[in-house]
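Welcome! Take a moment to look over the sequence and the model below, and then let us walk through some of its features together.

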Amino acid sequence: FWKTYDNSDWDNATKAKALDSLHNHIVKQANDSLTRNSLFRLAARYERLELADKYYQSSDLAQKWATAQKDTLDIAKALWYKGDYHDAAQVYDSAFHYYSQAEKYYRLSQKDSLGWGRMLYYKAGALYSMGIYTESEVESVKAMEVFSKLSTDWYPYQTKLQIALILSGLREYEEALKYYHLALADLKAIKNNPEKVQYSLTACYNNIGGHYNKMKNYKEAKFYLEKGLAYHRIEEEPDLHAMLLNNYAYSKMQLGERHQVDSLLSLSLRLRDSIGHKQGIIASKLNIGEYNLRQKDTLQAIETIKEAYALAQENQSHLDIQRSLEFLSLNDQANKAYYTQRYSEVKDSIREVERATKKKFARIEFETEQLSLENEVLLKRNTVLAFLSLGAILLILVLSLVYYYRMKNKRLQIQQKEQQKDQEIYGLLLREK
């Protein structure tokens, strides 16, 4: 079935119907490792069709069945899948919860170090997405330590790239730059899958270029962004293409170059509109607003930033809300007092949200660790009980053997005495004869 499905040219509706039919068949089978493996494969294909609810349902059923059979690795895998579901939905606290549980199961089993490292890496990613950078760095370093002991190519590169992004968020720019170049070196050393390597190089160039923009080294930023834009298949990747264009236009703008800046920003915005990338649309509008201000078109700049502000509120993008309000408080003279007050309120609110979020993630980690400790205690108890049971069985076996051989010796002694008596009687009979 999988071979037929994967090689088919069916449309998505036909594929979904085939998967539903297979699901109805799988749930009637015996709960064994092969059936659970089929559930995981089914879930993965639901995910590719963007059928998120069915993906989650298959993963949840796999977890229940794995729990019933006490299969630690399958439990961990199901929790990982559920974490991915929440991560895709940008519900990062739930994603972190499931990744944390999966990580503890992998760690306790000590049978899948790659799975353990992945969960540490994904936990770090969820923390980074919520702006909890210090804790994210700690988890990333743990993941890097695990991956360093394994023969895997991609995860060491991805972990170093993630650490670079975290350090950039912490404004440790020089240290971040060091990790960007370490990640780049790892990536260039990968020999398999050259097309994937080339795409990843392009994404890495974009990240390094954006980082140099943060450092206000616009000349170096422009150099790396041009390397990224030279990727021969960049137009097939609208999300990455739009980021490169936006960052490249920003570096040119900051260098005082007017040529093509307007068209580059407009193209980036069009690409992001076409794929519905809301966060990207906000970023494009913020840069366009700044460009308009540099062109002395203050009214258009304010109007564009107000659009970015509205989208940021709708998307609950706190840092973009803050950046928009800062711009408006400095440039919208008619409403300066209002936007200045809102800017101050939002800054305070963001701090409160960050504190509350850190506490929430710390609580999830603590509760998961407690569950882990309980499992370890239970495992130790079960181990002790198993050893005691084995000891008792061995003792009974030894006592039984001792008893058996003692009885056997007694029987031999009796037989010897009887033989001796028979010989004596036989001797008396001979003498009497």
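What is the handedness of the crossing of helix 8 and helix 9?

## Helix 8 and helix 9

The crossing of these two helices is left-handed. Before going further, please keep in mind that this is a predicted model. Helix 8 covers residues 133-147 and helix 9 covers residues 154-169. Their axes come within 9 Å and cross at roughly 160°. Angles over 145 degrees count as roughly antiparallel, and helix 8 and helix 9 are therefore roughly antiparallel to each other.

You can trace the contact residue by residue. On the side of helix 8, the residues involved are Tyr 133, Ser 136, Glu 137, Ser 140, Val 141, Ala 143, Met 144 and Phe 147. They meet Tyr 155, Pro 156, Thr 159, Lys 160, Gln 162, Ile 163, Ile 166, Leu 167 and Gly 169 in helix 9. Sorted by class, the residues of this contact between helix 8 and helix 9 are 10 nonpolar, five polar and two charged.

## Helix 3 and helix 5

Now look at helix 3, residues 33-48, and helix 5, residues 72-88. The axes of this pair come within 11 Å, and they cross at roughly 15°. An angle under 35 degrees counts as roughly parallel, so helix 3 and helix 5 are roughly parallel to each other. The crossing of helix 3 and helix 5 is left-handed.

Which residues of helix 3 and helix 5 meet? Helix 3 brings Arg 36, Phe 40 and Ala 43, while helix 5 brings Asp 74, Lys 77, Ala 78 and Tyr 81. By class, four residues in the contact of helix 3 with helix 5 are nonpolar, none is polar and three are charged.

## Aromatic pairs

How many aromatic pairs does the structure hold? There are 19 of them. One of these joins Tyr 5 and Trp 10, whose rings sit edge-to-face at 6.1 Å centre to centre, with 80° between the planes. Tyr 5 has 4% relative accessibility, so it counts as buried. Trp 10, at 31% relative accessibility, counts as partly exposed.

Another pair, Tyr 212 with Tyr 224, is stacked: the distance is 5.8 Å centre to centre, and the planes are 15° apart. This pair links distant parts of the chain, with Tyr 212 in helix 11 (residues 194-214) and Tyr 224 in helix 12 (residues 218-229), 12 residues apart. Both Tyr 212 and Tyr 224 are buried.

Aromatic residues also gather in a group. Phe 40, Tyr 55, Trp 80, Tyr 81, Tyr 99, Tyr 121, Tyr 122, Phe 147 and Tyr 155 form one aromatic cluster.

Is Asn 287 buried or exposed? Its relative accessible area is 6%, so Asn 287 is buried. You will find Asn 287 in helix 15, residues 278-294. Setting aside neighbours within four places in sequence, Asn 287 is in contact with Asn 246, Tyr 250, Met 253, Leu 265 and Arg 323.

The other residue is Gln 413, which is found in helix 18, residues 336-432. At 48% relative accessibility, Gln 413 counts as partly exposed. Gln 413 and Ala 185 are 228 residues apart in sequence, and their C-alpha atoms are 84 Å apart in space.

Technical notes: Residues numbered from 1 in each chain as written. Predicted model: local features only at pLDDT ≥ 70, side-chain atom pairs only at ≥ 80, totals over all residues. Heavy atoms only, no water. Axes fitted to C-alpha atoms, helices over the stretch in contact; angles between N-to-C directions. Helix = DSSP H or I, 4+ residues; strand = E, 2+ residues; numbered from the N terminus. Parallel < 35°, antiparallel > 145°, perpendicular 65-115°, else oblique. Left-handed = near helix turned anticlockwise from the far one by under 90°. Contact = heavy atoms within 4.5 Å. Nonpolar A, V, L, I, M, F, W, Y, C, P; charged D, E, K, R; others polar. Phe/Tyr/Trp six-rings, centres within 6.5 Å; stacked < 30°, edge-to-face > 60°. Buried < 20%, exposed > 50% of the residue type's maximum accessible area, 1.4 Å probe, protein only.
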